[in-house]
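Hi there,

Here is the structure I promised to pass on to you. Have a look at it first, and then read my notes below.

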Amino acid sequence: VFESVDLSVERGEFLVICGAVGSGKSTLLAALARARAPIGGEVAAVERRAFVSQKAFVMNGSVRSNVLFERPFDRERYARALTLAVLNTDLALLPAGDATVVGEAGVQLSGGQRARLALARALYADADAVFLDDVLAAVDAHTGRALWDGAVVELLARGSAVVLVTHALQLLSHERVSRVAVVRGGAVVACDTWRQLRAREGDGLEDELMAHATAAEAPASRA
């Protein structure tokens, strides 16, 4: 349970949330995305928002229906979403391409494919705010780099607010990251630029960040 959280994210801003396993990062992200109702207090969010949970939501339907999510089909926008989510090679290997039915909860797909399918949906939605729960952890390093350089950069270029939960410490210092929020024991203990966080003394924050960067459990499947 989080108490006394005062956090805001503006359009075009890139907020990264980090912390130990079990510290409450996913809970905080779900609350910010209004995917989980707060017990108390208020959460205000834009109408057009997209949320990609750590366990990616995939419905029993085709790849295309999962990306569109009942939105009108726009060929160019759809193709762009698939490319940015690094799905084209995967689709070429599926028996019916994007018409392939992925099964209940995406059982026909790997964990990495499910994560990228959910990311493609977020990209296609053209949302004003996008909330991503550790999506890079579900893929290998090469694919993760492609997603960062493609999907994340594209979302920021559109002016979307992007909030990402991650254990990858090397991402925190990236020039595109606006602020880093550090979660500890169900509380946001710091939220500032990486430079300012590194400059803090006496609270052990830098050592804590270094420890958390390698504490995440390895995903069961990467693809």
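Helices (H or I, at least four residues) and strands (E, at least two) are DSSP runs, numbered from the N terminus.

Before the rest, a word on the source: this is a predicted model, where local features need pLDDT of at least 70 and side-chain atom pairs count only at pLDDT 80 or more, while totals for chains, interfaces and linings use all residues. Residues are numbered from 1 along each chain as its sequence is written, and side-chain values use heavy atoms, with hydrogens and water left out.

Which residues meet where α3 and α5 touch? From α3 come Arg77, Tyr78, Ala81 and Leu84, and from α5 Ala120, Leu123, Tyr124 and Ala125 (contact means heavy atoms within 4.5 Å). By class, that contact has seven nonpolar, no polar and one charged residues (Ala, Val, Leu, Ile, Met, Phe, Trp, Tyr, Cys and Pro count as nonpolar, Asp, Glu, Lys and Arg as charged, and the others, Gly among them, as polar).

Now to the charged side chains. The whole structure has nine salt bridges (a side-chain nitrogen of Lys or Arg within 4 Å of a carboxyl oxygen of Asp or Glu). One of them joins Arg64 to Asp98, with the closest N and O atoms 3.2 Å apart. Arg64 sits in helix α2 and Asp98 in the loop between α4 and α5, so this pair ties together parts 34 residues apart in sequence. Arg64 is partly exposed, at 30% relative accessibility (buried means under 20% relative accessible area, exposed over 50%, partly exposed in between, with a 1.4 Å probe and protein chains only).

Asp126 and Arg158 form another salt bridge, at 3.9 Å from N to O. Asp126 lies in the loop between α5 and β3, Arg158 in the loop between α6 and β4, 32 residues apart. Both are partly exposed: Asp126 at 32% and Arg158 at 26%.

Finally, Asp149 and Arg145 meet in a salt bridge at 3.0 Å. These two are four residues apart in helix α6, which means about one helical turn separates them.

Best wishes
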